[in-house]
Amino acid sequence: QTVRQAYVVDQNTMTKAPLTGEIVDGALDGHITVPGISISAQGLTLDAIVNVPAGSSIPGNSPIVSNGDNSFNLKFDSSGRVEFFVNGWAGGVLTATMPAGFNDGNNHRLTATAESTASGSLLKVYYDGTKIAEGTVSTAAPYVTSTYGIGIGIDPEYTNRVWPGTIDAVRVVKKAMTDDEIAAGMISATA
C-alpha cells in the first residue's frame, strides 16, 4: 500500500503546508496550518465554504480560519454563534447568531471583513452572501498576523481547537471585500 502526503501550496509565496485529514468530495475534512505568511493590511477578509453534518452541534472554539487569539479568528464560540475578531479578542469581538438550518449538511459560505475606521475597526459577518452582523470595535489597523501561521480548520495557537466538518474555498484577502463582491462571491481585480 502506498502512503501519500497531501499538501496545500500558497500561490503567492509557494509555501507548502501538509494536510492533516483527507479531502472529501473536494473539501478539506481535517486541518492545515500554513506557516510563514505575514500580513499587515488596512483591510481584511476571511472567506470559506463550510459544512457540518446534518443536525450536529458545533463545539465551542471551533475555528474556520485562525491565526490565534492575538491575531484574527473566524470561529464558533461556546454558544454556537459565529465569532470574528482581528488583532486579538481583547480589542473587541463581533458575534452573530446563525440562521436556522446552518447545520443542515449542506455547504454554506461564511465571510468576515474588517476595515479601518477613525475610531477603530468596522467588522462584518456574512452568511451565504448576506450580512448577518456588523459592529465597531476598538482594535485599529493595520491587521497583522502572529507567528503561528494561518490555520484552516484549526487554531494554530491552541491546536486542540478544530473544526468539526469540512472546509472548502478558503480565502484570506488583504482588503475588506465590498457587500457587492461578497454577494457575488467575487474579489475585485485590485485585491
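Reader: With which side chain does the side chain of His108 make a polar contact?

Author: A polar contact is a pair of N or O atoms within 3.5 Å; within protein, one must be able to donate a hydrogen and the other to accept it, and residues adjacent in sequence count only if both atoms are side-chain atoms. Here the partner of the His108 side chain is the side chain of Tyr127, at 3.0 Å. The model is predicted, so local features need pLDDT of at least 70 and side-chain atom pairs count only at pLDDT 80 or more, whereas totals for chains, interfaces and linings use all residues. Residues are numbered from 1 along each chain as its sequence is written, and side-chain values use heavy atoms, with hydrogens and water left out.

Reader: Is His108 buried or exposed?

Author: Buried means under 20% relative accessible area, exposed over 50%, and partly exposed in between, with a 1.4 Å probe and protein chains only. His108 has a relative accessibility of 9% and therefore counts as buried.

Reader: In which strand does His108 lie, and which residues is His108 in contact with beyond its sequence neighbours?

Author: Helices (H or I, at least four residues) and strands (E, at least two) are DSSP runs, numbered from the N terminus. His108 belongs to strand E10. Contact means heavy atoms within 4.5 Å. Neighbours within four places in sequence aside, His108 is in contact with Ala48, Ile49, Val50, Gly101, Phe102, Tyr127 and Asp128.

Reader: How many bridges join strand E10 to E11?

Author: Two strands pair if DSSP finds at least two bridges between them. E10 (residues 108-117) runs antiparallel to E11, with 8 bridges between them. Thr117 faces Gly120 of E11, and the hairpin from E10 to E11 passes through 2 residues.

Reader: Which strand pairs with E11 over 7 bridges?

Author: That is E12 (residues 130-137), again in the antiparallel sense. Leu122 stands opposite Thr136 in E12. This hairpin has 2 residues between its strands, and Asp128 in the turn has a positive phi of about 50°. As for cover, 8 of the 8 residues of E11 (residues 120-127) are buried.

Reader: Where is Asn51 placed, and what does its side chain reach at 2.9 Å?

Author: Asn51 is in strand E5 (residues 43-51). Its side chain reaches the backbone oxygen of Gly105 at 2.9 Å, and a polar contact of 3.1 Å links the side chains of Asn51 and Asn107. With a relative accessible area of 15%, Asn51 is buried. Beyond four places in sequence, the residues in contact with Asn51 include Trp163, Gly165 and Thr166.
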